[in-house]
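Please look at the sequence and the 3D structure shown below. The report that follows takes up a helix, some paired strands and the nonpolar cores in turn.

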Amino acid sequence: MIQPTPFEPSPFEPGAEFDRQVRTLIDLGYPAMAGLDAARFDAMLTPLRELVTRCGHTTYDLETGRVPFLLVLTRQVAAIEQTMPRTTLYGKGKPGFVDHSFEPGALERFVAIPAVELPGRSAYLLFDIERGEEFCGVVPSDAMDTIAARGRTPLTIEEGIALITHFPQVLVKNKCFSLGGSRSGDRRVPAIWISQNAPKLGWCWEGNPHTWLGMASAGTRRVTM
């Protein structure tokens, strides 16, 4: 599948896109992270393919950061410290990184908030993703309230990494995003933005708005029909 330009709405064939996302993970070394060879890794993910093939033909719009679905692996399969360095900006080669402001052991404490219902599987599908640039300049806690009122769910750290892994085009200057689905019990809200010409996983205070930082969200998470 030819990668679209950052500002080109593109036809979307669900089965082919699912296969592309699987290949992306294999090419980036995810099977080794999971302790599997490529064939067993592919077999682990194959049951999810039926879910996306029933979605029908549609489009995704990378200019507005809207994606129909993402294939997400849990941190039990692929650790955040390993997956973030496998991200890059679109068309660039410098690896992403975890900011040093996360003290040792901090990432382990950033877990899904009670309102986020994660499927109890090694991998799952996230549907109807929005980068959330409408929330740029909005206090993160207020953005999360709005998302909840719409019946949507904020993205977790793993889901944010999956978004820029499969669609690096959505991470652009002044349209980066917070990941309110993962919290550590304090006022920090994790976020992904651009720093040193690479993706950076950092955090901001829940009460501080940023003009360049929105709040990513999704419609639902699923592992079965």
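## A covered helix

Helix 8, which spans residues 157–166, is mostly covered, since ten of its ten residues are buried (buried means under 20% relative accessible area, with a 1.4 Å probe and protein chains only; helices are DSSP runs of H or I with at least four residues, strands are runs of E with at least two, and both are numbered from the N terminus). Among these buried residues are Ile157, Gly160, Leu163, Ile164 and His166.

This is a predicted model, in which local features need pLDDT of at least 70 and side-chain atom pairs count only at pLDDT 80 or more, while totals for chains, interfaces and linings use all residues. Residues are numbered from 1 along each chain as its sequence is written, and side-chain values use heavy atoms, leaving out hydrogens and water.

## Strand 6 and its partners

Strand 6 (residues 123–130) is largely enclosed by the rest of the structure, because seven of its eight residues are buried. Strand 6 pairs in the antiparallel sense with strand 3 (residues 66–73) over seven bridges, where two strands count as paired if DSSP finds at least two bridges between them; here arginine 66 has glutamate 130 as its bridge partner. Strand 6 also pairs in the antiparallel sense with strand 14 (residues 220–222) over three bridges, and leucine 125 is bridged to arginine 222.

## The nonpolar cores

A nonpolar core is a set of buried Ala, Val, Leu, Ile, Met, Phe, Trp, Tyr and Cys residues joined through side-chain atoms within 4.5 Å. The largest has 57 residues, and Leu125 and Phe177 are among those that touch the most other members. A second, separate core of eight residues includes Ile113 and Met215.

Notes: Buried < 20%, exposed > 50% of the residue type's maximum accessible area, 1.4 Å probe, protein only.
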